[in-house]
Every structure is written in structure tokens, then in C-alpha cells.
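I opened this structure for a first look. My notes follow, in the order I looked things up.

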Amino acid sequence: MLDTNVSPIDSDALAGSIPTSAGTPGVVYRFAGDAYLLVEYGDAVLDLGLRFRAYLLEQEIQRAGIKGVAETIPGVRSLLIKYNPLVLCAEKLVTILKEIETVLPCADDVEVPSRLVHLPIAFHDRWTLDAIAKYRRSVRAEAPYLPDNAEFVARCNGLDNVEQVFEYLQKSQIMIIGLGDVYLGAPCAVSLDPRYRLEAPKYNPARTYTCEGGVGIGGAFSCIYPMESPGGYQLVGRTLPIWNTWQATPDFKDAPWLFKFFDRIQFHAVSEDELLEKRDAMRRGDYRLKTEPGVFSMRQYKAFTKEVRAEAGRFKARQKQAIVQCTKGY
Amino acid sequence: MIEIIRSGFHTTIQDYPGRIGYWNVGIPPSGPMDGLSFRMANRLVGNSDTDAGLEMTLMGPKIKFTRDAMVAFTGAEMAATLNGRTIPWWQSIYVEKGSVVDIGALSGEGCRAYMAVKGGFDVPEYLGSRSTFPKGGFGGHTASPLLACGTRIGLSDDCGRDCTARCLEGRKIPRYGTTWVVGAVPGPHYAPDFFTCETVEMFYDTPWRVHHNSNRLGYRLEGPTPCFSRPDGGEGGSHPSNLIDYPYAVGTVNVSGNLPVILTVDGPSLGGFISIATIATSDLWKIGQAKPHDHICFENITPEAAVNRLAAGERFLNEINA
């Protein structure tokens, strides 16, 4: 991990900062207008430890019940705080947040409730292939990721074929670190096992249509589309509906969205027909989502990533090389 | 009850401040694009700010009233008649049972008009709000998020009882034009670390033209190309406008690729593009009144100045109740 220990570059957007110190990431406070403050942790890298730091801050803000704080919204390595500036001024908020930093536990000690959610997925299904075909007809006919997104993902990651892409997607649990990317509880999720963390650049320009339930890869993130919508992720398959407006079935009893932060998705491949059956049954309330309660320990996770570091490094190197080749002509 | 006889261009039920508390899972607040005019309309009929009203865009609907009601129109003026007589804006008017209100095209500057009815519209709340989010298919009149011909909307029981006419003094009516000067606080991602200093100067000096494909999700802006001070987005992506996904503020000016887009009330909560500046809360209503091909000029203001403006705006609104 990069440990730069350099203070952030001063700009009019900067509301404050805390330098990196032993074991704790640096913090940058940025103005996002007069009613939001963006708190960013550490270097601009994908690191679960930073996500957990934002989680700890969010927990502490909620516990402290700071007058004037309205909402907190987590990102991958950040937390957006919406506040009422007529009640709480930015300067005071930053002072309070800096004080909180001094009492936050180490992210390594974090243990969060984390369900394991089993999801059926039909790879290379007719619905996502149809979405790609629509894009070819109406937006862009030729692109490195056309006509087959999964094949592009294979190339971007130095894999031999699409079967390997599908295999990789089932080999690692995928942790949900953001919700609403984009809209209605859509998960922003990342493969926990770095040996199988597929990456692919997003569409350029975006699709105007994606089927509901479509599963895509964009950057190092995976996503499920909660509704028919535009989108930019490379589509590889389709799964169950993850949004239910009227909360009509037991899986949506608590909320119209399916997932909670830090849920882990485990995909398993099914045929198109099986998926259709399960989707219909879920809609009727006859199919219950398979979930297992669990706890995620950052310390254990770090130990695991250390164990697989060499193998993950080889994959990452191959991937890096492959992506350069694949993005020519983007 | 009212019945929609003709739908208009994009007519929805909204309330203020909208669906609050679900931004962390990607459910946008929705609510009126011009919260100032919306709240004025409610206050003119003695409502609270939170009562649901109509938002009309570019071209209004034709509505039949099946009972007496006090109503008020605010926002961008549209050619509108009540049983054939011209309807004045910015004051409460009494509509008798059986009347037809016909709201036509814009007759002046601005983009959106509002109609408040005493007591508000009687539609169910969804996640704590009556605001319509058409993309999600919920809120407002659930069967028809975009109010279509034939839709019937219930009115509250006391819709016609208070006949005290209220009228907004001329000096209190917001001034419209085709160029909107909008206060915007630098950041969250600014210069010199993300954009060049020349680009942020250019950003505040440019009259940005509103792209025709602008709506409640976002306003695209046409103008010069921004220059970044970094070669790429690092782990966020290959383009320098990419960042590792982070939460957006409503009213932020997002730069996606080379295109600035103002994220508005139905916009996304999370994404991987840089945001150069964020519009002052007090000035967000102006975006709701900017129509395609109007121009937007951003005024560089500090967060403190923006808060002062917000406080002044609230004091001004509270005078209307007096």
C-alpha cells in the first residue's frame, strides 16, 4: 500500500485535513457546496480498510447524534455528510469530525455483520445479449467491447475465454460496499479474493438500455441493475430482481431494496430457464432468497490477502498488461 | 378531485423537500426543481411547504375541477385560462366546482410552473414523500407518475374553505431571464490538484449553454473543454475525470468525460466522475427555471457566503406568510 504522508494540495475546496500517521489513513475534508461535506480517506486506491474507516466514522456520527447532521452517505473510500448549515457551520462540523477521528478504533479491528447471499446467475443470457444488440443498433456499432462484453472482459483480464470469466465470478465472494450505484439500492460490489478480481473499462458512450437484473463489471466493481435503465458496465449475465417497489414478497419485507451494506454475494451459474423459473417464483413470493448470517473480520481478511499476495500479484500484472492492449481504440 | 383532460409536457406531483433519508441507498429526493416558487405557491394558499403540488414543464395541462378550490400559480408564466379568463400568476385564486383550467405554453422566461391547491393533493406517501420519481415508477399519482389524460387526483377536504386571497407584492416576485447567475462553491474536486487553474477560471467566466437534453436528472452544459491537471484517474479509471466511486451532493457540477452536468433532484447519488463545484442551496431554484438554450453563469462564492444567502432567502420566504 502507498503511504505517502504528504498533506493534500491546498485549494478553495479544502475544508481541512489530517495527515497520515502510523496505522491510520490520512483524512481530507472537502466542501461539496454549503450543505454537504465530503470526507475522503487515504490514497486514491481501492482498499477495503478505507471503506471500513468510513463505516466507523458513520457509526460514530450516528451514535453521537450531532445536531444539524441530516444524512450520511458512504462511498468506496469516502463519506458524504449532509447537514443543515443554518444549524451547524462547516467549521464546527470539521472540528467535531477531527475529534471523532482521535477516538475511532483501528479499521483492522472492525467486525461487521455480513450476510452471505446466494444468487443464481445466467451467464451470456438472451436478455443482456439483447441489451448489447440494441446498443449496437442505436448507439455504437463497433467498439472493443462489442459484440460480446464477456469476451471483452476475458481479454481485459488476460483470460483465455468467457468460461473463465464466468468461473472467476463464481470463485470469489463479492462484497457490497456501496448501495445506489446507480439508483434504487443497486450494489457497488468488489470481489473479495484479489486473485479473481476482474476489471474492465466501462462503455463509452453509455448504453441507453439495460435489462433489470443485468450483472455488469465496470472498473474493479460489479453491479446489478435494479431496473431497466441506461448503464455503462460490461454485461456478463442476469440474476434475480433486487428491487420490489411495493415490498410484495417476504424477501423485501424490510425495504424495497434487497441488500444491506457489507453483504457478500455468491453467484452460482444456472440456465436461462432455471433463472426464469426462479425469477417468476420470487415475484410470486414462492422463492426465498438463500442467505446465511455471518460476520466479516478485517483482520482475518488481511491475513487471507497476505496469504494469496503472490498469486494475486501475478494476476494483477497479467491484467494490467491485458487492459492496455484492450483499450486501444476506445 | 381534479381530472387531467390534457397532460402537458411533463406534469408531476411533487412535495418539498421531497423524499429525504434514502440518498445512502440511491433513492433521490425528487421534489420541485424550483423549490422557491413551489413554496411560494403553497404559502399563497395558506398551505405548509410540505403539501403536495403540481410541477409543470414548458407546457401545462388542462384540468377540470370537480369541487371548489383555492389555488395559486407560481414559477414560469404560462398562457393559462380559467373558464376562458386569463389566470394571474403569484396570487391565490378561487376556482369553482366544474371549472376548467387550461394551462398552455410558456408565455415568458423560465421553464417550470407550479400549482398549489389549498390542503394539497391527496395522494399516498411512498417512503415518506408524495414526490414523483418517474424513473423509479413511484411517488405522486402511483398509477401514472407522469400525469396522463384521464388521471383523477383527490383533493384534501378543506381545499376551498379558506377564501382569503393572497397576492405576492411585485418586488417579491423572483426575476427571470435567459441568463442565470448561480452561486457555486468550489469543489469538492477543484484546482490545482484535479483541474488546471485556467480551467477553474474558465468555469466561472463562461456562460454555459443548457443542452436540450436536460431534465430533472441532470442539466448538461455546453461550453469550452475543461483541462485536467492529472494524466488519468488512477484506480478510478483511465480518464482524468474518473474517481473511485463517491457520493454526490444534489446540485453538484459533475464533469463526466469532458461534459459538465449539473446533478439535480432526480440525479444519481453515487458515481465515479469528478465534481468541479457545487451550487449554493439558495440558488438551486434557478436551475429549475433554466430552460434548454438558456445560459448559466457560475459565480464563485465561499461556503460562508452561500449560507448567508440561504439565511436571507429563508427570511424572505417567511415574510410571505405574514
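**An edge strand and its partner**

I started in chain B, where B:Asp122 stands opposite B:Gly154 in β12(B). I note that the model is a predicted one.

I then looked up how β11(B) is held to its partner. Two bridges join β11(B) to strand β12 (residues 152–155) of chain B. The two strands run antiparallel.

Next I traced the whole sheet. It is open and has seven strands, in the order β7-β6-β9-β4-β1-β12-β11 (chain B). The pairing is antiparallel. Which strands stand at the edges? I found β7 (85–86) and β11 (121–122) of chain B there. Each has a single partner strand, so one side of each is left without a neighbour in the sheet.

**A helix in chain B**

I turned to helix α1 (residues 35–44) of chain B. Ten of its ten residues are buried, so the helix is largely enclosed by the rest of the structure. I listed some of the buried residues of α1(B), including B:Leu36, B:Phe38, B:Met40 and B:Leu44. B:Arg39, B:Asn42 and B:Arg43 are also among them. Just after α1(B), I saw that B:Gly46 takes a positive phi of about 75°.

**Two helices in chain A**

I moved to chain A and checked helix α4 (residues 149–156) against helix α5 (residues 162–171). Their axes come within 8 Å and cross at roughly 80°. An angle of 65 to 115 degrees counts as roughly perpendicular, so α4(A) is roughly perpendicular to α5(A). By class, their contact has five nonpolar, one polar and one charged residues. From α4(A) I noted A:Ala150, A:Glu151, A:Val153 and A:Ala154. They meet A:Val162, A:Gln164 and A:Val165 in α5(A).

**The core**

How many residues does the largest nonpolar core have? I read 182. A:Val153 and A:Val165 are among those with the most contacts inside this core, along with A:Leu37 and A:Ala189.

**Where the chains touch**

Last, I looked at the contact of chain B with chain A. Chain B gives 44 residues and chain A gives 44 residues. On the chain B side, β13 (179–186), β16 (242–247), β19 (270–279) and α4 (303–321) each supply at least two residues. By class, I logged 23 nonpolar, 18 polar and three charged residues on that side.

Terms used: Residues numbered from 1 in each chain as written. Chains lettered and ligands numbered in written order. Predicted model: local features only at pLDDT ≥ 70, side-chain atom pairs only at ≥ 80, totals over all residues. Core = buried A, V, L, I, M, F, W, Y, C linked by C-beta atoms within 7 Å. Buried ≥ 20, exposed ≤ 12 C-beta atoms within 10 Å, placed from the backbone. Helix = DSSP H or I, 4+ residues; strand = E, 2+ residues; numbered from the N terminus. Axes fitted to C-alpha atoms, helices over the stretch in contact; angles between N-to-C directions. Parallel < 35°, antiparallel > 145°, perpendicular 65-115°, else oblique. Contact = placed C-beta atoms within 7 Å. Nonpolar A, V, L, I, M, F, W, Y, C, P; charged D, E, K, R; others polar. Pairing = 2+ DSSP bridges.
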